[in-house]
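Reader: I would like to go through this model with you, starting with its rings and ending with its backbone. Let's have it on screen before I ask anything.

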Amino acid sequence: MEAVILEILETATIAVGGFLIKKYVFLEPDMEPKKQRYFYMLSFLLIGIVFLAFGKDVASLAALFMIELNVCLSRDKHRLRSLVLLIPFLGIVNGLLLPILFVPPYLLSLSTQEAFVYQFATYGLLFALLVIFYVKGQNWRRWFYENMQHRKLRKSEKYLLWMVGILMLFFSNVVAKQILEADGTVGAVDKLYGQKFVLFVGISSISAFIMSVTIIVLIMQGNKRSFYHEQVSNMQSGLIKFMAEVVENRDDNTGGHIRRTAEYVESIAKELKKQGIYSDILTDRYMSDMIVAAPLHDIGKIHIPDAVLNKPGKLTEEEFEIMKTHTTAGEELLIRAKEELGESGYLNTALEMAAYHHEWWNGKGYPYGICGEEIPLCARIMAVADVFDALTSKRCYKSAMPLEKACAIIREESGTHFDPAVVEAFFAADIGGAGELG
């Protein structure tokens, strides 16, 4: 009876621990909560049936199969690729369990009965810890689900998992063959390869356990850093939007301008990436920075006097020269922000957008008169978005221009004012219905 209970504890520990490692170490997503609960119930029912029919070894394999099936069903893409996770997954599980369960009885030359008692107590303790985690860790699991469910392992973490997983798989196979008897019981030290192998088992098992625990701790710490980085990024994005809205609220002419231009920038950038244009520049990080930074393109207008900024009629030549300084004023503001806050991708992009979004493709823009691809891509995209919104929006000094006429102007100024590739992406993205008129 005691042997059956030990086998049940062993199978349950492998199954429950495996599902936890799948979720919290490998960061594989779960299915929708209700479906996931049903999957757990089905999994443990199937594992129980297999245990009764074929024993603990086959039941342990069934547990691993159900974990892999869970990974496949939970993914939106690359489902079959997830099957290769079985290699490092088995290694990590063995790297945790084998040194704890089998090596101490071997090194201490425990009798079969003493080894049985040790393993019974160890499995019982592990299973109790899992139960405590389930009961006491509800708040932590809720936090993890809310904040970590979309996080993926970084490449460095994946490489570490594979390296450690394969090493542990090799280690566990070698050691298990040497210390386990044919009936699965732990052999005695003096029956095997003498003190040299004892030393090897002792050092390698301790190393295996430390490596397995270390990789888990590193990934969990990475999860925490990712969470706090996301929190800081969200706070920074909120401050950016607040700053941009403060500037926009000073300008009676541009209600909703920063929101619309940011949306246009995102659509144009995605279309360029879809077409494979400027793919060396349009990395995921660059696009993310550009979308976050877009609301700051007119931040320099905070330095423009109200009499000029909100003038209901056409600006004089002198007033226009003052208005043009919002580009260099925005550049200076964002340079100071970088000095205070440190280097940041979105601040660099915001600076380029603020400084260069009035430059022309043919070099006749301002403030620096640069041309072509000298103008940063983010500013060339913003130029099209900014002009289109200005043309199609009502201002205190003009009515909104019909969409057909605005599109005709954008098309006409392709190659002079605007980057032709960006103009083509603008029409292909069908912003505001412009695609039909392009």
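This is a predicted model: local features need pLDDT of at least 70, side-chain atom pairs count only at pLDDT 80 or more; totals for chains, interfaces and linings use all residues.

Reader: How many aromatic pairs does the structure hold?
Author: Residues are numbered from 1 along each chain as its sequence is written, and side-chain values use heavy atoms, with hydrogens and water left out. Rings of Phe, Tyr and Trp (its six-membered ring) pair if their centres lie within 6.5 Å; planes under 30 degrees apart are stacked, over 60 edge-to-face, and the rest tilted. Counted this way, the aromatic pairs number 7.

Reader: What is the angle between the ring planes of Y356 and Y368?
Author: The centres of these two rings are 5.8 Å apart. The pair counts as tilted because the planes of Y356 and Y368 stand at 55°.

Reader: How many residues apart in sequence are the parts that this pair of Y356 and Y368 ties together?
Author: Helices here are DSSP runs (H or I, at least four residues), numbered from the N terminus. Y356 belongs to helix α15 (residues 345-356), while Y368 is in the loop between α15 and α16 (377-392). The pair therefore links parts whose separation in sequence is 12 residues.

Reader: Is Y368 buried or partly exposed?
Author: Buried means under 20% relative accessible area, exposed over 50%, and partly exposed in between (1.4 Å probe, protein chains only). Y368 has 43% relative accessibility, so Y368 is partly exposed.

Reader: What is the centre-to-centre distance of the aromatic pair F388 and F426?
Author: F388 and F426 form an edge-to-face pair, with 65° between the planes. F388 lies in helix α16 and F426 in helix α18 (residues 420-428), so parts 38 residues apart in sequence are tied together. Both count as buried, F388 at 2% and F426 at 0%. The centres of F388 and F426 are apart by 4.9 Å.

Reader: Which residues form one aromatic cluster?
Author: The pair of F388 and F426 is described above. The cluster is made up of Y264, F388, F426 and F427.

Reader: Which ring has the charged end of R380 over it?
Author: A charge sits over a ring if NZ of Lys or CZ of Arg is within 6 Å of the ring centre and within 35 degrees of the ring normal. K324 meets this rule over the ring of Y366, 5.1 Å from its centre. For R380 the distance is 4.9 Å, and the ring is that of Y278.

Reader: What arc do the buried residues of α17 fall within?
Author: An α-helix has 3.6 residues a turn, so residues three or four places apart point the same way. In α17 (403-412), the buried residues are A406, C407, I409 and I410. They line one face of the helix, since the arc, taken from the directions from the helix axis to the C-beta atoms, is 155°.

Reader: Which residues are exposed on the other side of α17?
Author: The face described above carries A406, C407, I409 and I410, which are buried. On the other side of α17, the exposed residues are E404, K405 and E412.

Reader: Which helix gives the most to the lining of the second largest cavity?
Author: With 3 residues, the top contributor is helix α3 (residues 56-74).

Reader: Where is Y278, which has a positive phi, found?
Author: Most residues other than glycine have a negative phi, and most peptide bonds are trans. Y278 has a phi of about 55°, and at 14% relative accessibility Y278 is buried. Y278 is found in the loop between α10 (257-275) and α11 (284-293).

Reader: Which peptide bond is cis, with omega near 10°?
Author: P367, one of its two residues, is found in the loop between α15 and α16. The cis bond runs from Y366 to P367.

How values were computed. Helices (H or I, at least four residues) and strands (E, at least two) are DSSP runs, numbered from the N terminus.
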